Amino acid sequence: MEKKLICVICPQSCDLVLSADGAGDVAVSGNRCPRGSVYAENEYRAPKRMITTTVRIEGARIALLPVTCTGPVPKERLRDCLDLLYKLTVKSPIKMGDVIAQDILGTGIDVIAARSL
Ligand code: SF4
């Protein structure tokens, strides 16, 4: 099996090719540094994504609070995490870094405010 990827770790955007054999061993080419092979292998074995979105906020001068997360969540849980966050409404005041959703969906990752409002 061969899979083409673009490394998103830095602006070089290397074109990666990951080859996997039936035994689960992988080889990566096209990377200009070791971080590319780690990225490709993680994408193959357990892809993860950062959550960056907004949640509704009451009592602030704008209606949406930008949020981010303390680490990436499994890609297959991202949609469920976003659906949960879209249903949330928080109340002002919120400080940057405040936890908006602790251990979201049991992923061990907290969703936190990306700014104060
Ligand atoms: S492989 Fe290394 S140099 Fe290339 S995009 Fe990824 S991090 Fe950057």
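Strand β2 (residues 15–20) and β3 run antiparallel and are joined by four bridges. Helices (H or I, at least four residues) and strands (E, at least two) are DSSP runs, numbered from the N terminus. Ser19 has Ala27 of β3 as its bridge partner. This is a predicted model: local features need pLDDT of at least 70, side-chain atom pairs count only at pLDDT 80 or more, and totals for chains, interfaces and linings use all residues. Residue numbers start from 1 along each chain as its sequence is written.

The open sheet holds three strands in the order β1-β2-β3, with antiparallel pairing. Two strands pair if DSSP finds at least two bridges between them. The edge strands each pair on one side only:

| Edge strand | Residues |
|---|---|
| β1 | 2–6 |
| β3 | 26–29 |

On average, neighbouring strands of this sheet are turned by 25 degrees against each other, direction ignored. Helix α1 (residues 34–45) packs on the sheet and touches β1, β2 and β3. Contact requires C-beta atoms, placed from the backbone, within 7 Å. The direction of α1 makes about 135 degrees with that of β3. Axes are lines fitted to C-alpha atoms, for helices over the stretch in contact, and angles run from 0 to 180 degrees between N-to-C directions.

Now the ligand. The residues around the ligand include Cys7, Cys10, Cys14 and Cys33. Also among them are Asn31, Arg32 and Arg35.

Notes:
A residue is near a molecule or strand if its C-beta atom, placed from the backbone, lies within 6 Å of it. Two residues are in contact if their C-beta atoms, placed from the backbone, lie within 7 Å.
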